[in-house]
Amino acid sequence: MSSFRPGRGHGESRKSVFYTNEEWELLDPNPKDLEESMVQEERRKQAPEGNKGKRPLRDMIGSYKNRHVSGDPSAEGPQSSGGVSKPAPETQLQSQQEELERLKKDLSSQKELVRLLQQTLRSSQYDKYFASRRLSEGVPKDALDLLHRKDDQILGLSGQLERLTLERESLQEEVRTLKGKVGELREQRGMLVETIQAKDEVIMKLSRQLSESEDSTSSPTGVPGSPAGREQPELDRLKDSLQGYKTQNKFLNKEILELSALRRNAERRERDLMAKYSSLEAKLCQIESKYLILLQEMKTPVCSEEQGPSREVIAQLLEDALQVEGPEQPEQAFVKPRLVSEYDIYGFRTVPEDDEEEKLVAKVRALDLKTLHLTENQEVSTGVKWENYFASTMNREMACSPELKNLIRAGIPHEHRSKVWKWCVDLHTRKFKGSTEPGYFQTLLQKALEKQNPASKQIELDLLRTLPNNKHYSCPTSEGIQKLRNVLLAFSWRNPDIGYCQGLNRLVAVALLYLEQEDAFWCLVTIVEVFMPRDYYTKTLLGSQVDQRVFRDLLSEKLPRLHSHLEQHKVDYTLITFNWFLVVFVDSVVSDVLFKIWDSFLYEGPKVIFRFALALFKYKEEEILRLQDSMSIFKYLRHFTRTVLDARKLIGISFGDLNPFPLRQIRNRRAYHLEKVRLELTELEAIREDFLRERDASPDKGELVSDEEDT
């Protein structure tokens, strides 16, 4: 019959849709079975249409299931008996066993049902065989309908058999689960029995002890010699001590809480007082700065030159105000704070000793710096951010990152600057150190000490002229002089093409304020051989001249109004900025600004010099624009950088207000201007050769031409 279904071929006519897990083989029926099947088929045709279909088989299956279910006495569940109650685990165990028996009976009934279904399937296969023989002669319509109904019946029985198979598997799984639960209940029952036995033993033991104690208490206990009489006072005393200790502990805990609250309040008040003290000290610095300026103006009036008592008083007040604070008496220290010390934290002298007018300006500048420093301390310090950064890198090495760049641009704290500078130098000189032997610096230094080179004499002449206003280099016996000499001599042997150039001494001197000799040597290598182009520190200073032309282009691009103003008055500002680039602002700005510039310079490279040079002009742009003659402009440009005190504002201009320009742009402009300078030098060399030829051709004017050439 399955051969009439869509998608089935004649080759599959002997394969039934209804199947089980067991393999079935269809056999050809014998003639007797075929005759019986034909008789049954004729009877089915004569039967009414309502009796055809699936109903007889369904009724047979339903009656069979009802017969088995109704006859199963275990379906009613366990009956409670009126006898003696059993323990809970035994009752549960019995119910589980009864459930297991009931499931076994259900399983046997399901097997019987499967057997009946198999018989029905066998008869259906006979019908299919009979139908296939008759279909070869021509199939009537009623026979075809009958075949369709039989096919539907087979499909229904197949689905029912699959459901019953799944139900049987689930029942088997439930049986296995119940067996596991029965095993667990048996183990629990054994444990409970053991626990009950142990408790019975403890109860018996306690009962014996109780009976013995009652027998002992029946005798008099007040006898001094009995053990109970001796232990009772000691027990009472210990109880009293315990109670006292508990009370004392509560009192001490309360005292600790109160003291902690008092300590927190005291710390808060101390912070508030320190902030107030810093604010008052900053205001005092401002007032004293204005006081000095006022005294200077009153000392030299415009309309009168007579010497009077008031002039003497003002001069005395001015002299007292310019005195640098020294060690004071303890009682004076509480009256007046030390506003300006003789040296700052870097070793630079705050107030010069020679010129009185310069001393006044330096004192005012030192007071303004102290005011800015005190104001910054009241805000969130960058030191906290640096502490957090070093805590996060405790178990790993420092690495270049945007976070580190922002921290360095904001400024490295004084206590961390040595570590960060050394890391920056190692980062840039890693390729050089990898190709050198250990002790390379000491080897160079030993050569320099054993044999002098042409640079040694000039180095000795410039040692005391390096940073005369710094206590570390102020005299021949200062601790920094010998270190400076060693580093410069070692570098002159490493790079004989340069040897020594005026300006290298200042670079090394600044590096030695935070680095050891060998690290300062590699810092100089970083600046000369990594950051700056070739011929920057040679005798021609060709690279330095190229950078001035690059800076002129950047100034015209970033600050066009100021550039036009300077060009209008024909002010050659490169005469001022040349030294900025050559020594990286050493002796051009105040020390606080200088070291913040060096922080970014050692990390990011030479583009920082261009940024801060532009920022300095941007900082004082309005003041320069107000000047209307070339002499006053040039005089102002010579000293205006010493009046830039707010390092935070300058950093904001350098890395915020100015549009960023990459290092690649600077390199391209350097290459362009370098080619132009070389062409100009070639032309100058040609002019010089023509001049020499003319001199040789005019012997009468040789002496005059020689003098002009020397000039």
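**Entry 1**

I began with E267, which forms a salt bridge with R263, and I noted that the closest N and O atoms are 2.9 Å apart. For this term I used the rule that a side-chain nitrogen of Lys or Arg lies within 4 Å of a carboxyl oxygen of Asp or Glu. The model I am reading is predicted, so I kept in mind that local features need pLDDT of at least 70 and side-chain atom pairs count only at pLDDT 80 or more, while totals for chains, interfaces and linings use all residues. Residues are numbered from 1 along each chain as its sequence is written, and side-chain values use heavy atoms, with hydrogens and water left out.

E267 and R263 both lie in helix α5 (residues 227-299), 4 residues apart, about one turn of the helix. Helices here are DSSP runs of H or I with at least four residues, strands are runs of E with at least two, and both are numbered from the N terminus. An α-helix has 3.6 residues a turn, so residues three or four places apart point the same way.

I then looked up how covered the two partners are, with buried meaning under 20% relative accessible area, exposed over 50%, and partly exposed in between (1.4 Å probe, protein chains only). E267 counts as partly exposed because its relative accessibility is 32%, and R263 is partly exposed too, with a relative accessible area of 46%.

**Entry 1: other charged pairs**

Next I turned to D547 and R670, whose side chains meet in a salt bridge (2.7 Å, N to O). This pair links distant parts of the chain, since D547 is in helix α18 and R670 is in helix α26, 123 residues apart. Are D547 and R670 buried or exposed? D547 counts as buried because its relative accessibility is 0%, and R670 counts as buried at 10%.

I also found E557 and K558, whose side chains meet in a salt bridge at 3.8 Å, N to O. Here E557 counts as partly exposed at 41% relative accessibility, whereas K558 is buried, with a relative accessible area of 18%. Elsewhere, E99, R102 and D106 are linked in a network of salt bridges, and the count of salt bridges comes to 25.

**Entry 2: the nonpolar core**

I then asked which residues touch the most other members of the largest nonpolar core. Of its 111 residues, they are L504, Y537, F585, W598, F617 and L637. Helix α22 (residues 607-619) gives the most to this core, with 10 residues. Such a core is a set of buried Ala, Val, Leu, Ile, Met, Phe, Trp, Tyr and Cys residues joined through side-chain atoms within 4.5 Å.

W598 held my attention, and I listed its contacts (heavy atoms within 4.5 Å). Not counting residues up to four places away in sequence, W598 touches W421, L507, V510, I527, V583, V584 and V586.

F585 lies in the loop between α20 (574-583) and α21. Its phi is near 70°, a positive value in a residue other than glycine, and F585 is buried, with a relative accessible area of 0%.

Helix α21 (residues 591-604) has 14 residues and reaches 20 Å from its first C-alpha to its last, close to the 20 Å expected at 1.5 Å a residue. The expected span is 1.5 Å times one less than the number of residues. In α21, 12 of the 14 residues are buried, among them W598, F601 and Y603. Just after this helix, G605 takes a positive phi of about 105°.

Helix α17 has 15 residues and reaches 20 Å, close to the 21 Å expected. I noted that 11 of its 15 residues are buried, so α17 is largely enclosed by the rest of the structure; the buried ones include W522 and I527. In the loop between α17 (517-531) and α18 (542-558) I found D535, a residue other than glycine with a positive phi near 65°.

**Entry 3: the whole protein**

Last, I looked up the totals. The protein has 27 helices and 0 strands, and buried residues make up 35% of its 711 residues. Among contacts between residues at least 6 apart in sequence, 74% join residues at least 24 apart.
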